[in-house]
Structure formats: C-alpha cells, structure tokens
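Give the cut-offs behind each term.

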Amino acid sequence: MEKIINRKNKQDKILSVAYSIVLNVFKRRISTRTSQTSRTYKYLSLISSDKAKCNDLVQNVLRFTVYLDPWINKNKKGRLRIELLCLLRLALIDILIRNVRQKTVLKKYSDLAASTERTRYSKDQLRYLIHLAYSQLENKLLNPKFFFETNLRKTLVSQYCLEDVKKMEKIFSEPPLIDLYLRKRASKKNYLKQFKGSSSVSPSHLRLIQNVSLMETKGYREGDWWVQSLAASLPVKMAPMSYKGKTVLDVCCAPGGKSFQLADRGAILTSIDKSEKRLRLMRESLSRLNFDFDVKYIDVFDYEPKKMFDIILLDPPCTATGTIGKNPDLQFLDPLENLSELIKIQQKMLERCSHWLKENGLMIYSVCSLLK
C-alpha cells in the first residue's frame, strides 16, 4: 500500500480505501475481492453504508476505465504515473457519474494527492484535468461507456463478431441488477408487491430494480428465495429430464445456487467443492433455506463416490469473463493468461466425472465464461 506522508491532512476515508483498491488492480494485479478481505487496505473498517459507496466508486472506475483513459491521455501534460492515473479515473467517476460538486472534487483529490509520495508533486496536473473535465461535461462531450480491455476485445471479436461484442459492451455499461430465485412453494404475487417496480423475468425469477436490504425483507428468514442470476440458473433449467428422485452430483458446487435449484426440484443430491471458504457461505444459506442434502469438502480429484449418478453437473474453474458485469476488475487481471491451463483442468474434470455416470446418464457442463 502506498505510504501516506502527510498525516496531518484528514483524508476522505472512502476515497482513500477506493484508491488503494483501484491501485491494487492496475499496479499489483490484485483483485478487488482480495483487497476488500485484507485488513491492510482498511475496507473492513468501513461501516456498511460507506462500503456500499466505496464499492460503487470502485466498480464504476473499473467499468469505464477503457473509455476514460483515451480522454486522459489526450489531455494530459507529460508522463502520468500509475498512481496519478488511478486518482484521475476516480475523479472522473465523481464528476461524470456521481455529480459531485467541482469544489469538493478539487479539494478531496488535491488533499489525497498531496498526502502520498508518488503524487504529491502532480497536484497541478490533477487540478487542470479536473477543471477540464467539468468544462467538457457541461458541453456534454463525455458520456462514459463500457469497453472491453484491448486484448480481451480482440479475442472476443475473433470468436464472435464486432456487432455481438458491442452488444455485450452495451449490457456491461449498466450496473448488474439483482435476481432472486424463488422456491416452488413461494408465492410470486406477494413478492412482486413487496419489491415495488421489480419484474418477473422467468417463472422462477424476480429482478430487483432498486437497492433493498435483502436480509430484512419478507421471505429471507423463511428461506423462500436466494440470490442467483437468471443466467446462472440456466444450466439446471435446460436439462431434458426431471430431477425428481434422480441421483445428482454437483461438482464445484459453492456458493450453492445450482445445488439449491436441484434440491428444490427433488433431486437426491450430493454436492462437492474444494473451497472451504465458499462452502462455509453455502452452508449458511443451506441452513436458512432448510434444504437437506450431502455437502462434502473435497477436491474432485480426491473424491471416490460409492454410487453412480443419473446426472452430474460440472461447473469447473474458468476465466469467469461472463461475470465481468459484476466483477469488472477481471478483465484487467489477465484473464487470457491462464486459459490453456484452465482448459486442461476442465478436460481432466470432465474425463474423471464421466466414469461416475450411469448408463444413459446426463452430464451438464457449464462455465461462466464468454470465451468459446
């Protein structure tokens, strides 16, 4: 973490934490999730409302960086250190998205720049670009959009086409909405009334269009629903057979959304995963939802089942590029770098799991990746 050299200046705590997280992504290739769970970067010390504001600032920077950087490079005066570049990205989000007053932006970013070693002599350039952004904003010359990182965009265009990639970018320009998966026993009408303005996007899903405290809403403690995107639910929904009474194995199951779907549809379920941390979250949800099935903390390559399965759902490690909408840092963490190794692991998992299928059994293979 960059050393603070002027401790007399009282910093905007939310901005300081957001700056540390953004700098980690672009300078150290550390994910936002890793930064948020580390005590080093102070995110854990924020109160809940401040965490939400910090997340909003960071997510918008990561979503619109590819659009904003050409404007910065066009208007900069001289070389920009990565530290100053990250400050400017944050400032532009405050200006363009959050509509913060010019006086406030100038003060809090000047203070932060003055208090860190690598930006203290760059205040003039920082202030110049902030003034310029406000001037051009008034003329409506800046309108942030999401664009894929250059190398990833080239790969996607080669696999799909430019028009399809532009459609993806348009979708990712908007913050992801929250989808709730409703159990069969839940009454959809009651929940549509509770979440005003929300919509039904499938027979089992509600899409929320406003921020709400999910833990305090009706149905949470009763275990009537869980958070799961419509897209993530499709692998279970697409099977051409009923799950009721079928023996099913869910491999790489945590955090549990697909397992909960399978249990709700009457499967005789076994779920395995090698991540103890993710399984801990899954068990908390399992207790709330009051499902009863076998959850095992074990690597698929160490697992030796005592029975064969009618259906196996395999959701192996992947680049996760399909989740860039809610995890925009992923595209800056070299998602293509480990692609060859991931494909090898996926192939090994498929081969191993195939030996546990009954005759005429079904393998459902799914990844949250955009890459073919």
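A charge sits over a ring if NZ of Lys or CZ of Arg is within 6 Å of the ring centre and within 35 degrees of the ring normal. By that criterion, Arg-288 lies over the face of Trp-225, 5.8 Å from the ring centre. This is a predicted model, in which local features need pLDDT of at least 70 and side-chain atom pairs count only at pLDDT 80 or more, while totals for chains, interfaces and linings use all residues. Residues are numbered from 1 along each chain as its sequence is written, and side-chain values use heavy atoms, with hydrogens and water left out.

**Charge over rings**
- Arg-288 also lies over the face of Tyr-220, at 4.2 Å from the ring centre.

**Parallel strands and crossovers**
- Helices (H or I, at least four residues) and strands (E, at least two) are DSSP runs, numbered from the N terminus.
- Two strands pair if DSSP finds at least two bridges between them.
- Strand E5 (residues 247-251) pairs with E6 in the parallel sense over 5 bridges, and Leu-249 stands opposite Thr-270 in E6.
- E5 is also joined to strand E8 (residues 309-314) by 4 bridges, and these two run parallel; here Val-251 stands opposite Leu-314.
- Strand E6 (residues 268-273) runs parallel to strand E7 (residues 294-297), with 4 bridges between them.
- Ser-271 has Val-295 in E7 as its bridge partner.
- The chain passes from E6 through helix H12 (residues 276-289) to E7 in a right-handed β-α-β crossover.
- A crossover is right-handed if, with the strands pointing away from the viewer, the path from the first strand over the helix to the second runs clockwise.
- A right-handed β-α-β unit is likewise made by E5, helix H11 (residues 257-264) and E6.

- Buried means under 20% relative accessible area, exposed over 50%, and partly exposed in between (1.4 Å probe, protein chains only).
- In E5, 5 of 5 residues are buried.
- In a regular strand the side chains alternate between the two faces of the sheet.
- Both faces of E5 are covered, with Thr-247, Leu-249 and Val-251 buried on one side and Val-248 and Asp-250 buried on the other.
- In H11, 8 of 8 residues are buried, including Lys-258, Phe-260 and Asp-264.
- Gly-266 follows H11 and has a positive phi, near 90°.

**Aromatic contacts**
- Rings of Phe, Tyr and Trp (its six-membered ring) pair if their centres lie within 6.5 Å; planes under 30 degrees apart count as stacked, over 60 as edge-to-face and the rest as tilted.
- A search of the whole structure finds 12 aromatic pairs.
- One of them is the tilted pair of Phe-26 and Phe-332, at 4.9 Å centre to centre and 50° between the planes.
- This pair links distant parts of the chain, 306 residues apart: Phe-26 is in helix H1 (residues 13-28), and Phe-332 is in the loop between E8 and helix H13 (339-354).
- Phe-26 is buried at 12% relative accessible area, and Phe-332 counts as buried at 10% relative accessibility.
- Phe-146 and Phe-148 form an edge-to-face pair, at 5.1 Å centre to centre and 85° between the planes.
- Phe-146 counts as buried at 1% relative accessibility, and Phe-148 is buried with a relative accessible area of 1%.
- Tyr-181, Trp-226, Phe-260, Phe-291 and Phe-293 form one aromatic cluster.
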